[in-house]
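I opened the model and kept notes as I went. The entries follow in the order of my look-ups.

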Amino acid sequence: HGTAGTLIANREFFLNTTGIMIHADNFTNMKLFNLIEAHKKKPKECLLTMLTFTTDKPESCGIVEVDSNNIVQKFYEKNANPPSNKANAAVYLFEQDFMEWLITNYPQATDFSLDVLPNLLGKIYTFHTNMSYIDIGTKESLDKARRIAEESRNNL
């Protein structure tokens, strides 16, 4: 199914509610409440709210270019020489109108980053976090995330 196919296959779960899709191979100590509040204020023309972060490895991420209203204008998926370091955090909020758009226009989509996002330019609102955001796909990065989580708990 892939990321988009899984979302489509589970569309009934998202009926008449705010949906959230999170890729599970990342760590952040950001409070999701802030993203939810931003999503509630997204421009009317936007169907999706995307969390972004600043990366030190832009070639290994989906990089976005946004306008002055924080709406995605261009998207570069794992480009060898991306134009910036504002990265897609693979955390998305959406409403029923997005699910209807997806099912109507791309019912066979499989990969969210390749099959869906490039077709939503001008319709993706972004919320940027300056909190830690780490791909936890290696033991070293998982250990780093654990240290940050422990420090966060100690500072409560």
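I took helices (H or I, at least four residues) and strands (E, at least two) as DSSP runs, numbered from the N terminus. The model is predicted, so I note the thresholds: local features need pLDDT of at least 70, side-chain atom pairs count only at pLDDT 80 or more, and totals for chains, interfaces and linings use all residues. Residues are numbered from 1 along each chain as its sequence is written, and side-chain values use heavy atoms, with hydrogens and water left out.

**Entry 1: fold and dimensions**

I counted five helices and eight strands in the protein chain. From the N terminus I read the order α-β-β-α-β-β-β-β-α-α-β-β-α. The C-alpha trace spans about 45 × 35 × 35 Å along its principal axes.

I checked the radius of gyration, taken over C-alpha atoms, against the globule rule of 2.2 Å times the number of residues to the power 0.38. For 156 residues the rule puts a compact globule near 15 Å; the protein chain has 16 Å, so the two agree.

Contact here means heavy atoms within 4.5 Å. Of the contacts with a separation of 6 or more, 71% join residues 24 or more positions apart.

**Entry 2: burial and cores**

I called a residue buried under 20% relative accessible area, exposed over 50%, and partly exposed in between (1.4 Å probe, protein chains only). Buried residues are 38% of the 156 in the protein chain.

Next I looked for nonpolar cores: sets of buried Ala, Val, Leu, Ile, Met, Phe, Trp, Tyr and Cys residues joined through side-chain atoms within 4.5 Å. The largest one has 24 residues, and Leu7, Leu48, Phe98, Phe112 and Val116 have the most contacts inside it. The elements giving two or more residues to this core are α1 (2-9), β3 (48-54), β5 (72-77), β6 (86-94), α3 (96-105) and α4 (112-116). The largest share, four residues, comes from α3. In soluble globular proteins, nonpolar side chains tend to be buried together.

What does phenylalanine 98 contact, leaving aside neighbours within four places in sequence? I found Leu7, Leu47, Leu48, Phe112, Val116 and Leu120.

A second, separate core has 11 residues, including Phe53, Ile63, Ala89 and Tyr133.

Phenylalanine 127 is in strand β7. I list it as partly exposed because its relative accessibility is 23%. Not counting residues up to four places away in sequence, phenylalanine 127 touches Met30, Asn34, Leu35, Ala38, Met50, Leu51 and Thr52.

Phenylalanine 127 and asparagine 70 are 57 residues apart along the chain, with their C-alpha atoms separated by 7.4 Å. Asparagine 70 lies in the loop between β4 (62-66) and β5. Its phi is near 65°, a positive value in a residue other than glycine. Asparagine 70 is partly exposed because its relative accessibility is 31%.

**Entry 3: Asn16**

I looked up another positive phi at asparagine 16, about 55°, although this residue is not a glycine. Asparagine 16 lies in the loop between α1 and β1 (19-22). Is asparagine 16 buried or exposed? It is exposed, because its relative accessible area is 72%.

**Entry 4: Met131**

Methionine 131 sits in the loop between β7 (124-129) and β8 (133-135). I mark it as partly exposed because its relative accessible area is 41%. Leaving out residues up to four places away in sequence, methionine 131 touches Thr28, Asn29 and Met30. Methionine 131 and phenylalanine 53 are 78 residues apart in sequence and 7.9 Å apart in space, C-alpha to C-alpha.
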